[in-house]
Amino acid sequence: MSTRTKISALTLALLATVSLAACSATPAGNAQTPDAAAATGFAKDANTLVFGVVPDSVDTETNYQPLMDYLAKATGKTVEYHESTDYAALIEASIAGKIDVASFSGFTYVTAAKNGAKITPVSSIVTSEGQEPGYFSQAIVPADSDIKTIADMKGKKVCFVDPSSTSGYLFPSYNLGKAGINVDTDIEKVFAGKHDVSVAKVGEGKECEAGFAEDSEVAKSDKVKVIDQTMVPGAPIVVSDNLPEELRTEVAGLMKELTIDEIAAAGIKGADSEGFKAVFFETKPVDDAYYNTIRDICKSTNASQCQ
């Protein structure tokens with residue numbers, strides 16, 4: 001059997017929508033067929049770097065703008081923001097060679113690479129000085145809830161982020177399993193789509209009585225409390241192996257050990273904003289082996305999303 005998973009009709013439809021949107025946004029006279037773009041080694045054309053992201057929150061584009069502007073200034077390329085409709089669509093876009101640089105979740109990267117995406121992880125963003133790559137998947141409940149442990153979630157309506165989210169589904173599923181809870185039969189699953197939405201739904205306590213999200217979004221709410229947490233591997237910035245070798249090396253070098261001071265010194269607008277400082281301090285190098293923890297959890301849980 002091929003190593004590439006069978007692509008659902010829904011995912012194909014989402015990918016087709018993304019591809020059509022990208023084509024429609026190409027200026028007249030500069031249109032390039034997918035085959036022509038692939039022949040150049042670029043997702044779109046030789047003047048453009050397509051920067052893909054997982055749709056983590058409503059602020060995703062704002063959070064990444066200074067980083068994209070820095071990449072544009074350093075390479076002389078136009079950097080085009082590409083936010084997929086969901087995690088699966090970003091995986092499909094990477095497999096199809098539709099992105100040049102991207103910020104993935106760890107689980108999304110592992111799944112994409114396993115299914116044929118030609119991408120290499122080069123670094124992970126950290127948000128404060130002295131921090132190592134990684135962040136927390138947090139189990140949350142409404143602030144006034146009497147749920148005290150993950151085991152208490154049995155029989156409850158539980159919010160997750162997305163089936164391909166590292167901190168919003170894979171690690172929570174693993175931890176629920178260790179607590180004796182079958183995620184398919186012992187709880188009512190709700191997929192919120194984004195980390196901030198998962199936090200909001202849990203805080204309201206109606207659609208979800210408990211849930212999971214990454215720590216940066218949980219910290220923004222006073223309507224939830226944390227009852228457990230697990231450190232997960234830092235989300236990688238990846239570079240497409242399809243790019244011309246010289247450019248690929250340049251982009252990887254720029255993204256591997258980059259500091260907020262370097263971005264600010266380059267005169268990038270927004271680099272000194274409180275919003276950007278909250279999500280970016282520097283990048284630190286990571287490699288493929290760094291994500292073996294995720295592969296081990298996939299093996300132990302046999303999660304369908306890992307296949």
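Two strands pair if DSSP finds at least two bridges between them. Helices (H or I, at least four residues) and strands (E, at least two) are DSSP runs, numbered from the N terminus. This is a predicted model, in which local features need pLDDT of at least 70 and side-chain atom pairs count only at pLDDT 80 or more, while totals for chains, interfaces and linings use all residues. Residues are numbered from 1 along each chain as its sequence is written, and side-chain values use heavy atoms, with hydrogens and water left out.

**Confidence**

- The protein chain has a mean pLDDT (the predictor's confidence in each residue, from 0 to 100) of 86, and 85% of its residues reach 70 or more.
- Residues 1-39 have pLDDT below 50, and this stretch makes 28 contacts in the model beyond near neighbours in sequence; contact means heavy atoms within 4.5 Å.
- Where pLDDT is low, the predicted coordinates should not be read in detail.

**Five-stranded sheet**

- The strand order of this open sheet is β7-β6-β8-β5-β9, with mixed pairing.
- β7 (188-191) and β9 (224-232) are the edge strands, each with a single partner, so one side of each has no neighbour in the sheet.
- From one strand to the next the twist averages 25°; axes are lines fitted to C-alpha atoms, for helices over the stretch in contact, and angles run from 0 to 180 degrees between N-to-C directions.
- Strands β6 (residues 157-160) and β8 (residues 210-214) run parallel and are joined by two bridges, with valine 158 opposite alanine 210 in β8.
- Helix α7 (residues 195-204) packs on the sheet, where it touches β5, β6, β8 and β9, and its direction makes about 150° with that of β8.
- α6 lies across β5, β6, β7, β8 and β9, and runs at about 90° to β9.

**Six-stranded sheet**

- Strands β1 (residues 48-53) and β3 (residues 101-103) run parallel, joined by three bridges, and phenylalanine 51 stands opposite valine 101 in β3.

**Largest pocket**

- A pocket is an open set of points on a 1 Å grid over the protein atoms alone, where a 1.4 Å probe fits, with protein on both sides within 12 Å along at least five of seven lines; lining residues have an atom within 4 Å of a point.
- The lining of the largest pocket has 36 residues, and Tyr64, Thr127, Glu214, Ser216 and Val279 lie nearest its centre.
- α3 supplies the largest share of this lining, four residues.
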